[in-house]
Amino acid sequence: MTKQGMRTFDARGAVVRMSVRNPDDEVGPGPCAILELVVRLVSPTVRPDDVLSGLRTVAALEPPEPARATRLAQGMLTEQGDLVDPLSADRD
């Protein structure tokens, strides 16, 4: 569950895929992890910080510093949860 303003909603349904990896020396000194996730567009919209709020609530996850979100891609999802480039047909 996550809170958006005064509302509480369950963000789990929007999460298609989530994984955690150790960045080693990619990010810099100190303990950290990279959370990679794919979210489906639903209503209400689920953002990366909503997922972190949910993890804070259910798993007591408190990052030592504010999280940074970077969008790596966007597009349509197949039934299997794979991302399809919406402009790929124009590139052929």
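Reader: What percentage of the 92 residues of the protein chain count as buried?

Author: Of the 92 residues, 13% count as buried, where buried means under 20% relative accessible area, exposed over 50%, and partly exposed in between, with a 1.4 Å probe and protein chains only. This is a predicted model, in which local features need pLDDT of at least 70 and side-chain atom pairs count only at pLDDT 80 or more, while totals for chains, interfaces and linings use all residues. Residues are numbered from 1 along each chain as its sequence is written, and side-chain values use heavy atoms, with hydrogens and water left out.

Reader: Why is glutamine 80 called exposed?

Author: Its relative accessible area is 62%, and exposed means over 50%, so glutamine 80 counts as exposed. Glutamine 80 sits in the loop between β5 and β6 (83-84). Its C-alpha atom is separated by 9.2 Å from that of valine 16, 64 residues apart along the chain.

Reader: What makes alanine 60 exposed?

Author: The relative accessibility of alanine 60 is 62%, and the cut-off is over 50%, so alanine 60 counts as exposed. Alanine 60 lies in the loop between α1 and β5. It has a positive phi of about 55° although it is not a glycine. Most residues other than glycine have a negative phi.

Reader: How do you know that the span of α1 agrees with its number of residues?

Author: The expected span of a helix is 1.5 Å times one less than its number of residues. For the 12 residues of α1 that gives 16 Å, and the end C-alpha atoms are 16 Å apart, so the two agree. Helices here are DSSP runs (H or I, at least four residues), strands are runs of E of at least two, and both are numbered from the N terminus. The chain has 2 helices and 6 strands, in the order β-β-β-β-α-β-β-α. In α1, the residues Asp50, Val51, Leu52 and Gly54 are buried.

Reader: Which peptide bond is cis?

Author: The bond from serine 43 to proline 44 is cis, with omega near 0°. Proline 44 belongs to the loop between β4 and α1. Most peptide bonds are trans.

Reader: How do the residues of the lining of the largest pocket divide?

Author: There are 30 nonpolar, 8 polar and 11 charged residues. Ala, Val, Leu, Ile, Met, Phe, Trp, Tyr, Cys and Pro count as nonpolar, Asp, Glu, Lys and Arg as charged, and the others, Gly among them, as polar.
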